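Q: I have a protein model open on my screen and would like to learn how to read it. Could you take me through some of its features, one at a time?

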Amino acid sequence: MVEFRGRRPGSGDGEEAVFDLEAETGEHARFDLPPFRVRRYRRMPGRHPVMVQEAVGPDAERQMRRHAELFGSVADFHGSQVPRQLAHVLAYDPSERPHKLILDCRGERLAGFASPDRLHGPRLRRVVQDLFEAVAALHKARLVHGRISPEHLWWDEAEGLQLAGLEGAVYATEPLPDRPVTDWDAPGFRPGLLASADQDVLSAALVAFWMATGETLPRGVSNPRVHNLVAQGHEDWLQDLLRSAFPLGSTVTPPARELARRLAEGDAPQGLLERPLAERERAREAHAREEFRALRARQASGAGSLRAKRHVSAAAGPPVWWRRVGQRLRILPDRPLRALGAVECPMCLRALNWDTAERVVLDASGEMVPERDLPVHSDAERNAQLARTYVVCPGNDDVPQHELPDRYPMFGTEPVRIGLVGASSTGKSHLLAAIIDQARKTTVMRRYGLRVEALDPQRYHHYLNEVVAPFIDRREELRATADRPELRYATGLVVTDEHSGRSHSVIFFDVAGGRLERPGREADFLNRLSALLCVVDPTRIPGLTSHGGATGRDPAFEHVRQRLRQQADPAVPFLPVPCALAVTKSDLLRFRGYREIDDWLHEKPDAEGDLSTVQRESEDVYAFLAARGGGDWLQLAGECLGSTLHLASATGTGPREQGDRAVARRFDETLFRQHRVLRPLLALFAMKGVMTGPAADALLRGGGHGT
């Protein structure tokens, strides 16, 4: 039991009030509603649900104070009859930080709904009526909300609809605040426009159309166009509402109170009690599954054709690296050693003669010293030095000089270059850090007969200290990857497979999303990537987690596709690289009614244990994205010869704002976790032949085709 003390809104300072609260528990008990943190409680006695907001930083405090003051104006005007359709401010406490506000607000935010189907049936018109009642209540107090959208609407099945977000309201004839235009703004909206009641009525009408149809009207749509659109099979009451809100000719928009009255007095809905939104989603999903199976058939055919055209490669010779080390240490007799010859630099694509290239050694001070300047006095000293030896690559005009570990090409196998693909801020760095941490800590890799070690111990430990430790151990949000002129792979591994006895160098490129989109030589490394780890941020796909987000395909996906296509044989329909597509931040997709993927998101934490399910998961994720607006993100995976699709979460929760904005945001300790992050990597290993054995065979039989 906790106690909340504050002052009720209203005239003057308001009377002091005390509330006894019992904290809610469970998945939705606490959450962020930037710039606030929110916690759900039960008000005792009676266990009435309420929410307590905490302000994060000075800006949030100003918004909270304004919210309390504006609701005080509403309370003064309506007295004890403040409509239930407004989220009531019960009390405000600015006596200590964080400032707090207690709200009589219930249910779920409409912005979190994947579809408004849950509002449908006989109650839908009543929900829309609640919306206009809330708007009318504000207008009576001469307030204009100014930005009504699903972000500000809460719905409870028993209590109905409530309008919140009052901190952004203004008095009529005051300028509207500066903010981006959204799909819910009245035609002609612009920041600085004087606020009027019409703007709220039109916003509410646009939201009502989404409630009824699951779609939004075109931004800035004209009144005649609205009349044409609503005439296309929509229910009579919705047509009447929208035609009234968007009148033709010189007729003015009626006030919100008039529209609420018409909704209350109208005849009972005729015809459909439930709009066929869910049925439409099911049809799209079924079509997407047919597409996926057709893709798998084409990939299998393409893989067979490619194998038939290829010359059978000679078996890998005896391991080169240990012989080179042995010769240098003189523990093997001197004899002719197969020269490595030209080795392609993975960063600038320059051909390096590995046998004659300049070598440098990382000394104790962290400086690179020419190898010839460091005489060694024993075999043991030479062996230790080799781990710190690098081959110098001079780079080119766009990629400065850089170094590669001496043993990068020395395993008798083709090094694997994995590129993380995605726009900036999609979570690529978080996912890679989680993958590296899980690969070194868990027993999953050993379960599949894989041994993992650092390719370059010095840079590997730097990556652990500078990236993995702050993220995993301190739960800090990683800063966006800087777009620097120098190009470095993020980290490298040596992966040895006990089934085949082979080792592979594996390097990971995690570069700024902007670099992936540029056409110059600085991005030439993309042309020679040998595997893709594509990262899809569901918050960028409108409607999956909210009603914001980017639209259209990810430009980084498209540019990488074009780069690889330029290098591919035009006669081969598929790009000869495998692709694992991971929908990151998948924790945001839980509890939204996405039945295609719910089972994957709610399964036990040990999700890496059975790779034979990757094919089923791939089909479900493909259908989910294709049916729900994410089809543009599937094109790259659909053009690769082998592809798998996954759900993953590197954090399990979103970051929380800190009081000091200069301090990195942190993830909540109780919710922070890594889930399903190794499955994309293991799928790539199986498709590239890095991992063999029964698990890899099961995955490949399921539909991921090796290259």
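Q: How are H10 and H12 oriented to each other: roughly parallel or roughly perpendicular?
A: Two packed helices are described by the angle between their axes and the distance between the axes. In this predicted model, helix H10 (residues 428-441) packs against helix H12 (residues 457-473) at an angle of about 105°, and their axes are 10 Å apart. Angles of 65 to 115 degrees count as roughly perpendicular, so H10 and H12 are roughly perpendicular to each other.

Q: Which residues make the contact of H10 and H12?
A: On the H10 side you will find His430, Leu432, Ala433, Ala434, Ile436, Asp437, Arg440 and Lys441. H12 brings Tyr460, Tyr463, Leu464, Val467, Val468, Phe471, Ile472 and Asp473. Sorted by class, the contact of H10 with H12 has 11 nonpolar, one polar and four charged residues.

Q: Now a second pair, please. At what angle do H2 and H3 pack?
A: Helix H2 (residues 124-140) and helix H3 (residues 197-213) pack at about 165°, with axes 10 Å apart. Because angles over 145 degrees count as roughly antiparallel, H2 is roughly antiparallel to H3. The crossing in which H2 passes H3 is right-handed.

Q: Which residues of H2 and H3 make the contact?
A: From H2 come Leu124, Val127, Val128, Leu131, Phe132, Val135 and His139. From H3 come Ala197, Asp200, Val201, Ala204, Ala205, Val207, Ala208, Met211 and Ala212. The residues of this contact of H2 with H3 divide into 14 nonpolar, one polar and one charged.

Q: Let us zoom in on a single residue. Is Leu295 buried or exposed?
A: Buried means under 20% relative accessible area. Leu295 has 4% relative accessibility, so Leu295 counts as buried. You can find Leu295 in helix H7 (residues 277-309).

Q: What is Leu295 in contact with, beyond its neighbours within four places in sequence?
A: With those neighbours left aside, Leu295 is in contact with Phe574, Tyr622 and Gly638.

Q: What should I look for in the backbone itself?
A: Most residues other than glycine have a negative phi, and most peptide bonds are trans. Look for departures from that pattern. A cis peptide bond joins Met44 and Pro45, with omega about -5°. Pro45 lies in the loop between strand S4 (36-44) and strand S5 (48-55). Arg97 and Pro98 are also joined by a cis peptide bond, where omega is about -5°; Pro98 sits in the loop between strand S6 (88-93) and strand S7 (100-104).

Q: Which residues other than glycine have a positive phi?
A: Among them is Arg47, with a positive phi of about 60°. Arg47 is in the loop between S4 and S5, and counts as partly exposed because its relative accessibility is 40%. Another is Arg142, whose phi is near 65°. Arg142 belongs to the loop between H2 and strand S9 (143-144); at 49% relative accessibility, Arg142 counts as partly exposed.

Q: To finish, how many helices and strands does the chain have?
A: The chain has 19 helices and 27 strands. Of its 707 residues, 54% are buried. The accessible surface of the chain comes to about 31100 Å², and 49% of that belongs to carbon and sulfur atoms.

Note on methods. Residues are numbered from 1 along each chain as its sequence is written. This is a predicted model: local features need pLDDT of at least 70, side-chain atom pairs count only at pLDDT 80 or more; totals for chains, interfaces and linings use all residues. Side-chain values use heavy atoms; hydrogens and water are left out. Axes are lines fitted to C-alpha atoms, for helices over the stretch in contact, and angles run from 0 to 180 degrees between N-to-C directions. Helices (H or I, at least four residues) and strands (E, at least two) are DSSP runs, numbered from the N terminus. Angles under 35 degrees count as roughly parallel, over 145 as roughly antiparallel, 65 to 115 as roughly perpendicular and the rest as oblique. A crossing is left-handed if the near helix is turned anticlockwise from the far one by less than a right angle, and right-handed if clockwise. Contact means heavy atoms within 4.5 Å. Ala, Val, Leu, Ile, Met, Phe, Trp, Tyr, Cys and Pro count as nonpolar, Asp, Glu, Lys and Arg as charged, and the others, Gly among them, as polar. Buried means under 20% relative accessible area, exposed over 50%, partly exposed in between (1.4 Å probe, protein chains only). Accessible areas come from the Shrake-Rupley method with a 1.4 Å probe; for residues, only the protein chains shown count as cover.
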